[in-house]
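Q: I have a structure open and would like to learn how to read its features. Where do we begin?

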Amino acid sequence: MATTKYTIKLKKYVDIQEEYKALAAITPGHLVEFTTVKDQVKVHATAGGVAVPMFALENELAGKAISDAYAAGDLVPVWVVQRGEQVYALLADGENASIGSLLMSAGNGTLKVRTGTNTIVAQALEALNLTASSVTAAARIVVMVW
């Protein structure tokens, strides 16, 4: 079972943080990518695709929590995560990750267990089974970026 945390940044060595405008709704912990518009991001939309490890953060300066989503047009603090750093990311609904599972983009801002030779984004540091979840939503999981 996942452990509750109150921040997306769990272990950081290099703290590269930027701020970009949201194209559409983004939740802290989502894997994000740039759009074709300057200084704009959206949830990572290519399942298994190449992904720069950039995760939306909570807006702690405004007193917001990791459960407070951003709307289209909001400024989103984005963490450009380096290899070995730990993130409180979102695992896609229906997934079953064990400790050590390699994770890839699910194509909707969440992560899922890697299949085939798809691009690895992170590795699960805790187990989380969402295959029998009665709530059809992603859940948070601690991961280490590859």
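**Reading the features**

A: Begin with contacts around one residue. Not counting residues up to four places away in sequence, Ser105 touches Leu31, His44, Thr46, Ala47, Gly48, Thr110, Leu111, Lys112 and Val121. Keep in mind that this is a predicted model.

Q: Where is the place of Ser105, and is Ser105 buried or exposed?

A: Ser105 is in strand S9, which covers residues 102–105. Its relative accessible area is 0%, so Ser105 counts as buried, the cut-off being under 20%.

Q: What does the side chain of Ser105 reach?

A: The side chain of Ser105 reaches the backbone nitrogen of Gly107, at 3.1 Å.

Q: How do I read a nonpolar core?

A: Look for buried nonpolar residues joined through their side-chain atoms. Here the largest nonpolar core has 24 residues, and those with the most contacts inside it are Phe55, Val87, Leu111 and Val143. Two or more residues each come from strand S7 (86–91), strand S11 (122–124) and strand S13 (139–145). A second, separate core has 11 residues, including Tyr20, Met54, Tyr70 and Val78.

Q: Which residues is Val87 in contact with, leaving aside neighbours within four places in sequence?

A: Val87 is in contact with Ile8, Leu10, Phe55, Trp79, Val81, Ile141, Val142, Val143 and Val145.

Q: How do I read separation in sequence against separation in space?

A: Take the two values side by side for a pair of residues. Ala72 and Pro53 are 19 residues apart in sequence, and their C-alpha atoms are 21 Å apart in space. Ala72 lies in the loop between strand S5 (54–56) and strand S6 (75–80).

Q: Which residues is Ala72 in contact with, leaving aside its neighbours within four places in sequence?

A: Ala72 is in contact with Ala22, Leu23, Ala24 and Ala25.

Definitions and conventions. Residues are numbered from 1 along each chain as its sequence is written. This is a predicted model: local features need pLDDT of at least 70, side-chain atom pairs count only at pLDDT 80 or more; totals for chains, interfaces and linings use all residues. Side-chain values use heavy atoms; hydrogens and water are left out. Helices (H or I, at least four residues) and strands (E, at least two) are DSSP runs, numbered from the N terminus. Buried means under 20% relative accessible area, exposed over 50%, partly exposed in between (1.4 Å probe, protein chains only). A polar contact is a pair of N or O atoms within 3.5 Å; within protein, one must be able to donate a hydrogen and the other to accept it, and residues adjacent in sequence count only if both atoms are side-chain atoms. Contact means heavy atoms within 4.5 Å. A nonpolar core is a set of buried Ala, Val, Leu, Ile, Met, Phe, Trp, Tyr and Cys residues joined through side-chain atoms within 4.5 Å.
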